[in-house]
Amino acid sequence: MSKELMIYIDGRFYPRSKAKISVYDHGLLYGDGVFEGIRAYDGLIFKLDEHMKRLYSSARAIRLKIPLTRKKLTEAVVETVRKNRLRTCYIRLVVTRGVGTLGVDPARCPKATIIIIAQPLEALLGRKSRQRGVSAVIVSTRRDLPSGTTHEIKSLNYLNSVLAKVEARQAGADEPILLDSRGFFVSEAAVANLFMVKDEVVATPPTTAGLLSGITRSETMKLLNRLGYRLVERDITPFELINADEIFLTGTAAEIVPLVRLNGVKIGNGKPGPVTRRVVEDFHRLTRDPGNGTPI
Ligand code: PMP
C-alpha cells in the first residue's frame, strides 16, 4: 500500500499528489460550494450525523444538489477514513458547485464535485493553548449579513473569516472576535463559536448574529445544561465580553479553548476559569463516548 494519503473525489480514491480538480470548478472560481470539518476520536467519528445534516442544510440554502444521498455520502466518509487506516483524525468534506464555464451562473455547472480528505490531526490550537488559553482582539471586520453570505451557511466563501484572522495577527493576537454586521453585538471567532461566563451565568450569542451554528456549540450547550449551569442564548455587547469572568471558544478543530486576554485586557485573573476547565474536561469525555460517534 502506498504511504500517501488517499483522497476521495467523486467516488474514486487518488493518492494525495494526484488528487486534483478542474480549474473550471466553481468552488475555486467563486467559492461556490459547502463543506464540513469533522473529527474522529479513537475510531469514532464524532457527531457525524449532525455534520451531514448541516452539510445538506448548507447545500439547500445555496440550491446545490448533492449527487449522493445522505446515507451514501456518510458511507463514503467512513470509507475514506478506513481506507487511510486512521482512528483519530480530521476529516474535510467538500461539495463544490462543480465544473462550469468562467461565468458565475451555477446553472452552467451540471454536477457537483465531492471531495473527502481524512488526515492525521494538526490541531488548530494545540494542547498548550487549551491549557493556558489564547488571546483575542475585537476586529473591525464584521460578520457577514444574515441576508447575504451569512456564516449560518458553511460555504466555501470564508474571506470574512480570513480577513478577520489577518487583522488579529496584525494586532499580535491569536484569534479575532467579530461583531455582527451592524457592529452592535458579539458574533463569533474566525472558525469557532464563543461563550462567556459572568456571575455564574453562561451566555452565548444567537445565530441571528450571523454565526455558524456549531456542533461543538450545541454539544457544549447540552453539556452545560446537564451540569446544571444557567445558560442563556442572548445578544452580548463588547463591554460585557471584556468584563466577563471567563470566555471560551468552541469548534471541531479547536475543541474548547479558554480565551484569557481580550484587547489586551485580562479576562478574570488571566487563567482558564473553573467553568471553562469543567467544560474542557467533560467535552473530552463526550468525544470518546460510543453514543456520540459513528464507528469507523
Ligand atoms: N464558526 C465558524 C465560522 C466555523 O467555521 C466553525 C468551524 N466549523 C465553527 C463556528 C465551529 O463549528 P463546529 O463546532 O461545528 O466545528
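**Pocket, cavities and ligand contacts**

User: Which elements each supply at least two residues of the lining of the second largest cavity?
Analyst: In this predicted model, β13 and β14 (255-262) each pass that mark. β14 gives the most, with three residues.

User: What makes a residue part of the lining of the second largest cavity, and which ones line it?
Analyst: A lining residue needs an atom within 4 Å of a grid point of the cavity. D245, E246, I247, P258, L259, V260, I267, K271, P272, G273 and T276 are the ones that line this space, so each of them meets that cut-off.

User: How do the residues of that lining divide by class?
Analyst: Six are nonpolar, two polar and three charged. G273 is in the lining, and it goes with the polar group because Gly is counted there.

User: Why is this space called a cavity, and what volume does it have?
Analyst: The second largest cavity comes to about 50 Å³. It's a cavity because a 1.4 Å probe fits inside but cannot get out.

User: How many cavities does a search of the whole structure find?
Analyst: Two, counting those of 30 Å³ or more. The largest cavity holds about 60 Å³ of space. R39, Y41, F46, H51, I215, T216, G251, T252, E255 and F283 line that one, and the elements giving it two or more residues are β3 and α6. By class, its lining has four nonpolar, four polar and two charged residues.

User: Which elements give two or more residues to the shell around the ligand?
Analyst: α6 (215-226) and β13 (246-251) do. In total, 17 residues surround the ligand, the closest being Y158, E188, I215, T216 and T252. The shell has six nonpolar, seven polar and four charged residues.

User: Where does the ligand sit, and how do you know that?
Analyst: The space taken by the ligand is the largest pocket. A molecule sits in a pocket if more than half of its atoms lie within 2 Å of the grid points, so the ligand passes that test.

User: What volume does the largest pocket have?
Analyst: About 690 Å³. There are 36 residues lining the largest pocket, and the closest to its centre are Y90, R92, K154, V191 and A253. Elements that supply at least two residues each include β3 (33-41), α2 (48-61), β5 (89-96) and α5 (159-170). The lining divides into 16 nonpolar, eleven polar and nine charged residues.

Methods
Residues are numbered from 1 along each chain as its sequence is written. This is a predicted model: local features need pLDDT of at least 70, side-chain atom pairs count only at pLDDT 80 or more; totals for chains, interfaces and linings use all residues. Side-chain values use heavy atoms; hydrogens and water are left out. A residue is near a molecule or strand if one of its heavy atoms lies within 4 Å of it. On a 1 Å grid over the protein atoms alone, a cavity is a set of points where a 1.4 Å probe fits but cannot get out, and a pocket is an open set with protein on both sides within 12 Å along at least five of seven lines; lining residues have an atom within 4 Å of a point. Helices (H or I, at least four residues) and strands (E, at least two) are DSSP runs, numbered from the N terminus. Grid points are joined across faces, edges and corners, and a volume is the space filled by probe spheres set on the points.
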